[in-house]
Amino acid sequence: MTLFDHPDFAAHEAIHTAYDEATGLKTIIAVHSTALGPAAGGCRMWPYASADLALTDALRLSRAMSYKNAMADIPLGGGKAVILGDARSQKTPALFEAFGRAVDTLGGRYWTAEDVGVAPSDLACARRATRYVAGLDGHPAASGDPSPVTAEGVFRGVRLAVRKALGRELEGVTVALQGVGHVGAYLADKLHAAGAKLVITDVNAEALNLVADKTGARIVAPAEVFDVEAEVFAPCALGGAINAETLPRLRAKVIAGGANNQLASPEIGRAVFERGLLYAPDYVFNGGGIINVAGEILALEGNAGFDVAWVAGKLDRLTQTLEEVLDRAAAEGRPTHEVADEMAQARIAAAKRGRLAA
């Protein structure tokens, strides 16, 4: 099978690989679309079992970023970088500086930011070798850690989905939260403040205990979270949480969380719909972080300060767009992910036509 026959190729514009022997850097940078602007998406560091799995993740995440940025109505296309390695033991400043050099060879076609396994301090090392890094502190246009903004958008999306599916507010609603990393922990705080009851899981025991101490959440093992009696299942870890094995175990009526690519396949999305569950398409409302990053990129490119009001307005629009998707899906009797994909694809296609006509 050639790369172009890969099931997740999805008409990517470019796929770049880079290797640095001195630091051990192995990275894949996937650029799905630049129709709306330069591709932007975070860098993920993960101990992939194979390069093929890393490539699949990069392709899926890159395409998801195209859709996310289109639905967020920001002037950015979709891209993603993955670094093959264990973030707990293989991170070095030199490795991320080498990653910065790899990003710089793309000449601004791709802007990077943080994702799973990567912190702003790592990206500060990458910034030594390239200007195409966002999500940092220490300069006039800096937006800092985008996780709180992402969590705010996800919280609003969960609240809207509960209103649509259950006809109630979050007070007293049980949420099974899978993953309490950067976004998940902030989301847990917001759900707790809104009166939700939390059941949480993560592979990081320290993070679990911190969230449980703050929110009174009940901790369960990672394998048990799918069986929890809860109205909402909120995936906030890696993708593919909803699959043929886990879907039959879910007790929830709503699936809404911050993780990317929650559905293992489009067929699973239809199975969710046929079971009568409401799935809030992740990329429609988890774009707060990339909106924050877009604000920083616009400021850097325009030599201006970070526009907080612009970010706030785009964040408000995210929830409105999610409501449009949910209402249209309900009116047409169709799965929400199909409606969202069509809307995102239409926006990207329109931008491409406009670019070709210019």
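**View 1. Helix 2 and its cover.** Helix 2 spans residues 93-104, 12 residues in all. Its first and last C-alpha atoms lie 16 Å apart, close to the 16 Å expected at 1.5 Å a residue; the expected span is 1.5 Å times one less than the number of residues. Helices (H or I, at least four residues) and strands (E, at least two) are DSSP runs, numbered from the N terminus. The model is predicted: local features need pLDDT of at least 70, side-chain atom pairs count only at pLDDT 80 or more, and totals for chains, interfaces and linings use all residues. Residues are numbered from 1 along each chain as its sequence is written, and side-chain values use heavy atoms, without hydrogens or water. Buried residues of helix 2 are Leu-95, Phe-96, Ala-98, Phe-99, Gly-100, Ala-102 and Val-103 (buried: under 20% relative accessible area, 1.4 Å probe, protein chains only). Their cover includes strand 1 (14-20), strand 2 (25-33), strand 3, strand 4 (77-84), strand 5 and helix 3.

**View 2. The largest pocket.** Its volume is about 1400 Å³. A pocket is an open set of points on a 1 Å grid over the protein atoms alone, where a 1.4 Å probe fits, with protein on both sides within 12 Å along at least five of seven lines; lining residues have an atom within 4 Å of a point. Volume is the space filled by probe spheres set on the points, which are joined across faces, edges and corners. Of 49 lining residues, Asp-115, Val-116, Gly-117, Gly-181 and His-182 are the closest to the centre. Elements giving two or more residues include helix 1 (51-71), helix 4 (147-166) and helix 9 (288-302). Strand 3 gives the most, with 5 residues. The lining divides into 23 nonpolar, 17 polar and 9 charged residues. Nonpolar covers Ala, Val, Leu, Ile, Met, Phe, Trp, Tyr, Cys and Pro; charged covers Asp, Glu, Lys and Arg; the others, Gly among them, are polar.

**View 3. The second largest pocket.** This pocket has a volume of about 720 Å³. Its lining has 32 residues; Arg-60, Arg-63, Asn-261, Leu-263 and Ala-264 lie nearest the centre. Helix 1 gives the most, with 8 residues. By class, 16 are nonpolar, 9 polar and 7 charged.

**View 4. An aromatic pair, Trp-111 and Tyr-132.** The two rings sit edge-to-face, 5.2 Å centre to centre, with 85 degrees between the planes. Rings of Phe, Tyr and Trp (its six-membered ring) pair if their centres lie within 6.5 Å; planes over 60 degrees apart count as edge-to-face, under 30 as stacked and the rest as tilted. Trp-111 is in strand 5, Tyr-132 in the loop between helix 3 (120-126) and helix 4, 21 residues apart. Both Trp-111 and Tyr-132 are buried.

Technical notes: Buried means under 20% relative accessible area, exposed over 50%, partly exposed in between (1.4 Å probe, protein chains only). Contact means heavy atoms within 4.5 Å.
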